[in-house]
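Q: Let's go through this model and ask what backs each label. Please show the sequence and structure.
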Amino acid sequence: MSIRAQDPFVDSFATMREDVNAFLSVLRDSDLPLLYGPRLKPCAGQWRKHFTDKMPVAPKDLILEIGSHYGEVILKMAKDEADSAFIGMDITLKRVVKLAQKAQENELHNLTSILCNAKFLDQLFAPEELDGVLVFFPDPWAKKKRYHKNRLLKPEFLALLAKKLKPEAYFWFKTDWEPYNAEVLAALHAAKWREIQAETGLPSKVYTSRFERLFKGAGQTTFESVWAPPSQIH
Ligand SMILES: C[S@@+](CC[C@H](N)C(=O)[O-])C[C@H]1O[C@@H](n2cnc3c(N)ncnc32)[C@H](O)[C@@H]1O
């Protein structure tokens with residue numbers, strides 16, 4: 001079940017009975033590292049404080065994964081980089097619950113799962129709050145042209161993303177869908193993002209997502225690039 005809300009801080013499941021979806025009671029009552037709706041609001045633009053309250057020291061970097069699915073990539077990153085903080089964002093109830101359960105089982109206090117649509121990025125993050133953003137294999141909306149309007153990575157979204165990233169931060173993008181890759185790369189070039197060859201930090205390492213493994217296993221080509229935001233004029 002995917003969240004459909006016009007406001008990221010509203011509980012769009014408020015009137016739904018728990019027998020409709022087994023994960024609703026977990027979402028409402030658990031002490032998992034899982035936030036959505038009204039519980040997201042105090043964290044908006046205050047993510048370092050949120051993690052400083054949970055981690056032994058303030059996080060070094062703050063990394064967001066959009067479309068974190070069941071958390072295969074972000075769980076591994078959070079284990080590898082215990083001094084940084086990670087937010088896994090997805091629109092699907094079951095996936096965010098499962099990710100939060102795994103984070104708790106593994107005692108990853110530097111990882112929080114959030115149920116939210118990435119279109120609300122502006123409400124969730126302060127300018128230059130993020131050190132890195134990953135979007136691995138976003139839904140390509142490939143089958144019919146009229147669905148292309150649903151694609152996330154469009155020029156307006158990329159402009160917003162640039163504002164939320166620190167100047168030295170990165171945007172790491174992977175897709176299997178060549179036309180989507182071409183569209184995103186053209187938009188990044190047009191907006192003066194700079195492609196980087198990461199030699200240090202997370203993007204210099206190999207993190208294979210579930211979809212990446214599926215596509216590569218089927219012999220399909222995948223595309224991957226890392227970008228630094230355009231210089232902002234303040
Ligand atoms: C094709 S899957 C890829 C999952 C994972 N990143 C991987 O590479 O294996 C896309 C994921 O993005 C999520 N998603 C789609 N649109 C989203 C949006 N607007 N905001 C946040 N998550 C979204 C879906 O629920 C799904 O889990």
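Q: Why is Lys 76 called partly exposed?
A: This is a predicted model, and the call rests on a count. Lys 76 has 14 other C-beta atoms within 10 Å. Exposed needs 12 or fewer, and buried needs 20 or more. The count of 14 falls in between, so Lys 76 is partly exposed.

Q: Where is Lys 76 placed, and how many residues separate Lys 76 and Thr 175 in sequence?
A: Lys 76 is in helix 3. Lys 76 and Thr 175 are 99 residues apart in sequence. In space, their C-alpha atoms are 20 Å apart.

Q: What makes Asp 83 count as exposed?
A: Asp 83 has 12 C-beta neighbours inside 10 Å. The cut-off for exposed is 12 or fewer. Asp 83 therefore counts as exposed.

Q: Where does Asp 83 lie, and which residues does Asp 83 touch?
A: Asp 83 lies in the loop between helix 3 and strand 3. Leaving out residues up to four places away in sequence, Asp 83 touches Pro 59 and Lys 60. Asp 83 and Asn 110 are 27 residues apart along the chain, and 7.6 Å separates their C-alpha atoms.

Q: Why is strand 3 said to be largely enclosed by the rest of the structure?
A: Buried means 20 or more other C-beta atoms within 10 Å. Six of the six residues of strand 3 are buried, so the strand is largely enclosed.

Q: Which residues cover the two faces of strand 3?
A: One side carries Ala 85, Ile 87 and Met 89. The other carries Phe 86, Gly 88 and Asp 90. All of these are buried, and both faces are covered.

Q: How do you know that strand 2 and strand 3 pair?
A: Pairing needs at least two bridges. Five bridges join strand 2 to strand 3, so the two strands pair. They run parallel. Within strand 3, Gly 88 is the bridge partner of Glu 65.

Q: What makes strand 2 and strand 5 a pair?
A: Four bridges link strand 2 (residues 62–66) and strand 5, in the parallel sense. At least two are needed, so they pair. Ile 66 stands opposite Val 135 in strand 5.

Q: In what order do the strands of the sheet run?
A: The open sheet has eight strands in the order 1-4-3-2-5-6-8-7, with mixed pairing.

Q: Why is one side of strand 1 and of strand 7 left without a neighbour in the sheet?
A: Strand 1 (34–36) and strand 7 (194–196) stand at the edges. Each has a single partner strand, so one side of each is left without a neighbour. Across this sheet, neighbouring strands are turned by 25° against each other on average, direction ignored.

Q: Which strands does helix 6 lie across?
A: Helix 6 (residues 155–164) lies across strand 5 and strand 6 (165–175). Its angle to strand 6 is about 140°.

Q: What phi do Glu 107 and Glu 128 have, and where are they found?
A: Glu 107 is not a glycine, yet has a positive phi of about 55°. Glu 128, also not a glycine, has a positive phi of about 55°. Glu 107 is in the loop between helix 4 (93–105) and strand 4 (111–115). Glu 128 is in the loop between helix 5 (121–124) and strand 5 (130–136).

Q: How many residues of domain 1 are in contact with domain 2?
A: The chain is divided into domain 1 (1–126) and domain 2 (137–234). 11 residues of domain 1 are in contact with nine residues of domain 2. Helix 3 gives the most to that side of domain 1, with four residues.

Q: How do you know that the ligand shell lies between the domains?
A: Domain 1 and domain 2 both give residues to the shell around the ligand, so it lies between them. Helix 8 supplies the largest share, three residues. The shell divides into nine nonpolar, five polar and six charged residues.

Technical notes:
Residues numbered from 1 in each chain as written. Predicted model: local features only at pLDDT ≥ 70, side-chain atom pairs only at ≥ 80, totals over all residues. Nonpolar A, V, L, I, M, F, W, Y, C, P; charged D, E, K, R; others polar. Domains from an automatic or database assignment. Axes fitted to C-alpha atoms, helices over the stretch in contact; angles between N-to-C directions. Contact = placed C-beta atoms within 7 Å.
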